[in-house]
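Please consult the sequence and the structure alongside the text.

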Amino acid sequence: MEPDCTPRYLASDNTSGICPEAMEYLLEANRSDDLAYGNDSWTERAADRFRELFDYDCDVFFVFNGTAANSLTLAAMGRSYHSVICHELAHIETDECGGPEFFSNGAKLLTSPGEHGKLTPEGIEALVTKRSDIHYPKPRVISLTQATEVGTLYSLDELRAIRAMADKHDLRLHMDGARFANACAALNVSPAELTWQVGIDALCFSGTKNGMAMGEAILFFNRELSEDFAYRCKQAGQLASKMRFIAAPWLGLLESGAWRTNAEHANAMARYLADGLIGLPGVEAMFPTQANSVFVSLPPAAIAELKARGWTFYTFIGAGGARFVCSWNTTTELLDTLINDMRDALSQA
Ligand SMILES: *Cc1c(COP(=O)(O)O)cnc(C)c1O
C-alpha cells in the first residue's frame with residue numbers, strides 16, 4: 001500500500017488555526033464599527049483584563065508578531081551602546097534576523113551556553129565581568145525565554161537567582177513568552193508569580209502560539225521602560241489601525257480562560273507524545289519534555305521516512321534531532337498515528 005503523504009503538522013504551534021474562543025470574539029468585534037489605532041473599546045477591555053490577570057497595573061501594548069515584540073521591547077530596555085545577555089539558542093539570537101540589534105540601533109547580543117536551553121547566574125556574571133572597559137558593549141538587559149526554545153522551564157527559584165544576579169549588576173530582565181501560557185500551566189503558577197513577583201521588567205506574551213490568528217501582547221511591569229513606547233511601535237510599522245481585531249481575540253482567550261486551558265492541553269499532548277516515543281528502540285530524549293514540545297534524536301533514515309509520510313517537524317537542533325510541537329488542537333489520534341509511523345520508520349531504519 002502507498003503511504004499516505006497528507007501533511008501532518010507538528011512543526012510548530014503556529015501551524016494550528018484559530019481557536020474557537022478567539023474566533024468568537026473576532027466575529028463579535030466585527031459586528032459593529034469602532035475607533036481605530038487602539039482607541040476602541042476592545043483594546044481598552046483587553047488591556048484592563050491583562051492588568052487583572054497579572055494583578056498589576058502594567059502598561060500593555062499589542063503588536064503583530066513575536067520578532068517585533070522582542071525587538072521593540074529590548075530596544076526600549078537599553079541604549080544603542082548596551083548589550084543584551086541571552087542564551088545561545090535564544091530566538092532573539094537565532095531567529096529574528098538581527099531585529100533586536102536593528103531596532104535598538106546597534107545594541108549587541110552577548111550569548112551564553114547553559115544546559116537545557118537555560119541561562120545561569122554564573123553564565124550571566126561571566127559575561128558581565130569579562131570586561132569593564134569602554135570598548136565592550138555595556139551589559140544592561142538579560143533576556144530569557146519561558147518556556148525555553150528547547151521546551152524546558154525555568155523554576156521560580158531559578159528565576160529568583162537570575163533576578164538576584166541582575167540586581168547585583170544593575171541589569172533589567174526581559175521575558176520572551178512565546179510559550180508563556182504553557183509555562184504557567186506546566187509550573188501551575190499564576191502569571192503574576194511567573195513575572196513581576198520574580199522581578200521580570202517586561203514580558204512579550206504570544207497570542208499567536210496560544211490560539212490566535214496573530215498578535216502578541218507586551219506588558220511592562222517596570223513602567224519607566226515604556227515611555228514613548230507607542231511611538232516606537234508606530235515607527236516600526238507595528239501600530240495596527242484596526243487594533244481591535246488583535247485585542248478582541250485576546251479578550252476571548254483571557255475571559256474564557258482558554259489562554260490557560262489551551263496551554264494545558266498542548267502540554268498534555270506533548271507529555272503523551274513523549275511517553276509514546278521515548279523508549280522506542282533508536283529514540284532518545286534530547287531535552288526533558290516540560291511544556292508543549294518534544295525533542296528526540298532519531299536515526300537519519302527514520303527522519304527521512306517520517307518526512308516521506310508527510311510529517312512536518314523541525315530538525316534544526318543538530319544532527320539527528322527532531323522537534324515536535326503540540327498546540328491547542330493537537331489530538332491523541334494524530335499522535336498515535338505518529339507513534340505508529342515512528343515504529344515502522346525505526347524498524348526499516
Ligand atoms: C515563535 C517564537 C517567537 C516569535 O516569532 P515570530 O515568528 O516573530 O512571531 C519568539 N520567541 C520564541 C522563543 C518563539 O518560539
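Helix H12 (residues 258-277) contributes the most to the lining of the largest cavity, with 3 residues. Helices (DSSP runs of H or I, at least four residues) and strands (runs of E, at least two) are numbered from the N terminus. The model is a predicted one, in which local features need pLDDT of at least 70 and side-chain atom pairs count only at pLDDT 80 or more, while totals for chains, interfaces and linings use all residues. Residues are numbered from 1 along each chain as its sequence is written, and side-chain values use heavy atoms, with hydrogens and water left out.

**Cavities**

On a 1 Å grid over the protein atoms alone, a cavity is a set of points where a 1.4 Å probe fits but cannot get out; a pocket is an open set with protein on both sides within 12 Å along at least five of seven lines, and lining residues have an atom within 4 Å of a point. Grid points are joined across faces, edges and corners, and a volume is the space filled by probe spheres set on the points. There are 3 cavities of 30 Å³ or more, and the largest cavity has a volume of about 50 Å³. Among the residues lining the largest cavity are Asp13, Lys209, Asn262 and Trp328. Domain 1 (8-16 + 259-348) and domain 2 (20-257) both give residues to this lining, so the largest cavity lies between them. The domain bounds come from an automatic or database domain assignment.

The largest pocket holds about 630 Å³ of space. Its lining has 32 residues, of which His91, Asp95, Arg179, Lys209 and Arg323 are the closest to its centre. H3 supplies the largest share of this lining, 4 residues. Both domain 1 and domain 2 give residues to the lining, so the largest pocket lies between them.

The second largest pocket has a volume of about 310 Å³. Its lining consists of 13 residues, and Ala76, Gly78, Arg79, Leu225 and Arg232 lie nearest its centre. H3 gives the most to this lining too, with 3 residues.

The classes in the table are nonpolar (Ala, Val, Leu, Ile, Met, Phe, Trp, Tyr, Cys and Pro), charged (Asp, Glu, Lys and Arg) and polar (the others, Gly among them).

| Space | Lining residues by class |
|---|---|
| Largest pocket | 12 nonpolar, 12 polar, 8 charged residues |
| Second largest pocket | 4 nonpolar, 2 polar, 7 charged residues |
| Largest cavity | 4 nonpolar, 5 polar, 2 charged residues |

**The ligand**

Which residues surround the ligand? They include Asn65, Thr67, His91, Asp176, Arg179 and Lys209. A polar side-chain atom of Thr67 lies 2.5 Å from an oxygen atom of the ligand. With a nitrogen atom of the ligand, a polar side-chain atom of Asp176 is separated by 2.6 Å, and one of His91 by 3.5 Å. The protein covers 81% of the 390 Å² of accessible area (Shrake-Rupley method, 1.4 Å probe) that the ligand has on its own.

**The backbone**

Most residues other than glycine have a negative phi, and most peptide bonds are trans. The peptide bond from Gln146 to Ala147 is cis, with omega near -10°. Ala147 is placed in the loop between strand S5 (138-145) and helix H7 (156-168). Cys97, a residue other than glycine, has a positive phi near 55°. Its place is in the loop between H4 and helix H5 (99-103).

Key
A residue is near a molecule or strand if one of its heavy atoms lies within 4 Å of it. A polar contact is a pair of N or O atoms within 3.5 Å; within protein, one must be able to donate a hydrogen and the other to accept it, and residues adjacent in sequence count only if both atoms are side-chain atoms.
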